[in-house]
Amino acid sequence: MGLISGILMGLLFGIALMAGWERMMRYRSAKRIAKAVDIKLLGSLSRDDVKKLCGDNCPEWVSFPLYEQVKWLNKELTKLWPFVAEAATLVIRESVEPLLEEYRPTGITSLKFSKLSLGTVPPKIEGIRVQSLTKGQIIMDIDFRWGGDPSIILAVEAALVASIPIQLKDLQVFTVIRVIFQLAEEIPCISAVVVALLAEPKPRIDYTLKAVGGSLTALPGISDMIDDTVNTIVTDMLQWPHRIVVPLGGIPVDTSELELKPHGRLTVTIVKANDLKNKEMIGKSDPYVVVYIRPLFKVKTKVIDDNLNPVWNETFEVIAEDKETQSLILEVFDKDIGQDKRLGLAKVPLIDLEAENEKHLELRLLPSLDMLKVKDKKDRGTLTVKVVYHQFNKEEQLAALEVEKKILEERKKLKEEGVIGSTMDALDGAVSVVGSGVGLVGSGLVGGVGLVGSGVGAGAGLVGSGFGAVGSGLSKAGRFMGRTIIGGHSTARKSGSSTPVSNPQENGGGAKPLQ
């Protein structure tokens with residue numbers, strides 16, 4: 001009896017053991033299959049899908065396997081940071097302070113560093129991608145993250161207001177830095193380095209502002225002004241296609257091919273606006289439109305008083321350096337005593353435009369280009385524009401580059417003379433040549449006299465068969481970088497400089513000629 005019971009118990013135990021083993025194997029198999037499905041789904045995710053799951057802090061090597069992790073470099077950077085931070089502080093002070101002065105908003109008379117230290121926390125490099133897209137160059141994309149402990153205090157001055165120290169706290173930087181090494185046959189084998197921030201993913205610089213020993217209310221709108229200045233410097237100087245070119249090694253090298261060049265001209269006609277938001281307590285807003293691709297070259301329409309449905313019909317020409325990545329920005333402001341109020345803005349990506357094909361657009365005005373940060377999302381009206389893009393040939397490109405340089409020189413002169421507050425001030429559009437002289441572009445001669453708001457309407461050009469106060473061809477120097485054409489002629493706006501500072505209607509006849 002005991003033998004039979006033992007045999008039965010052994011059989012039952014063996015069957016139970018085998019059943020349990022089979023069940024466990026089925027469970028493990030099901031888990032492996034589920035994981036395989038999950039991995040397959042993750043493998044099929046696009047970069048945008050990964051970013052939605054992981055947020056903006058997702059390292060580039062997660063969504064792009066070509067990005068290699070460089071843990072060893074981060075370890076070395078931690079050791080080197082005290083020395084790097086000290087050297088970088090000097091470079092930033094010498095290079096960024098002039099930019100703050102150049103790009104400062106009109107409501108601020110001075111913007112400088114009163115204290116600058118990069119702290120003890122080093123940045124982190126999440127990954128590096130190396131490419132060889134062009135012969136003679138090595139392209140390196142660096143996924144750069146920094147949540148440091150810097151001590152940065154800005155000395156901000158405004159009219160009738162004493163200097164207020166503004167501290168930048170909780171600074172965080174998330175961006176991908178593109179570094180291009182131009183190779184050479186001589187040691188050190190690198191003749192120049194190009195540095196830029198990739199436009200995609202969009203560079204992020206987060207911080208909070210705090211007044212030291214005072215209140216930000218002493219300067220109304222100061223936070224927005226500083227935010228706009230930082231964003232403008234990044235967009236106009238560092239974000240691709242804009243770049244910094246640094247020659248290296250003492251090797252004589254022509255860096256002209258590495259520098260940013262004009263690639264096309266965008267003709268923009270500001271037709272009208274409808275149903276603008278009223279910002280006035282008494283009466284209606286006095287709107288005008290600021291037009292630009294690069295913030296450094298802003299132009300604006302005339303002001304139309306007391307009207308929420310203004311009609312301008314003013315035409316401008318602005319230069320584009322990279323049709324693939326740049327956009328036309330249109331900002332509508334209310335002219336006011338002191339700081340003008342923004343009524344809305346719109347963005348037109350140049351990649352959506354076909355060359356030589358006029359496009360009519362009715363644009364919905366937005367409170368900000370980053371709608372995620374906006375609470376007030378009420379309707380702000382529409383802006384009607386016409387745009388035409390023209391692709392430059394080689395001769396036109398060189399001509400536009402020269403004129404661009406001259407315009408920057410003229411703006412600096414006006415700033416030094418106190419005619420304009422900042423080289424980034426939006427200028428009233430006008431058609432003319434810059435300064436004076438004669439230039440030969442292709443088979444067309446151009447020449448002109450640089451008068452600022454003189455009401456003379458100087459500037460004449462002959463290109464091909466085009467005649468007029470400013471001819472109809474490209475090499476008319478005054479037609480670059482935001483000059484205005486009203487009804488096809490310059491007689492409607494009598495100003496002989498590419499950098500007028502106010503309408504003749506507003507200043508009663510204009511400023512003195514440049515010396």
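**A surface patch, a helix and the overall fold**

Leu8 sits in helix α1, which spans residues 2–43. The model is predicted. Leu8 is partly exposed, because its relative accessible area of 48% falls between the 20% and 50% cut-offs. Leu8 also belongs to a nonpolar surface patch. An α-helix has 3.6 residues a turn, so residues three or four places apart point the same way.

Helix α5 covers residues 222–238 and contains 17 residues. From first to last C-alpha, α5 reaches 23 Å. That span is close to the 24 Å expected at 1.5 Å a residue. Buried positions in α5 include Ile222, Met225, Ile226, Thr229 and Val230. Thr232, Ile233, Val234 and Asp236 are buried in α5 as well.

At the level of the chain, the secondary structure comprises seven helices and 21 strands. The chain has 515 residues, and 45% of them are buried. Of the contacts between residues at least 6 apart in sequence, 67% join residues at least 24 apart.

The mean pLDDT of the chain is 74. A value of 70 or more is reached by 73% of the residues. Over residues 430–515, pLDDT stays under 50. For residues 430–515, the model has 199 contacts beyond four places in sequence.

Notes. Residues are numbered from 1 along each chain as its sequence is written. This is a predicted model: local features need pLDDT of at least 70, side-chain atom pairs count only at pLDDT 80 or more; totals for chains, interfaces and linings use all residues. Side-chain values use heavy atoms; hydrogens and water are left out. Helices (H or I, at least four residues) and strands (E, at least two) are DSSP runs, numbered from the N terminus. The expected span of a helix is 1.5 Å times one less than its number of residues. Buried means under 20% relative accessible area, exposed over 50%, partly exposed in between (1.4 Å probe, protein chains only). Patches are made of residues with over 30% relative accessible area and no salt bridge: like charges are joined within 9 Å, nonpolar side chains (Val, Leu, Ile, Met, Phe, Trp, Tyr) within 5 Å. Accessible areas come from the Shrake-Rupley method with a 1.4 Å probe; for residues, only the protein chains shown count as cover. A salt bridge is a side-chain nitrogen of Lys or Arg within 4 Å of a carboxyl oxygen of Asp or Glu. pLDDT is the predictor's confidence in each residue, from 0 to 100. Contact means heavy atoms within 4.5 Å.
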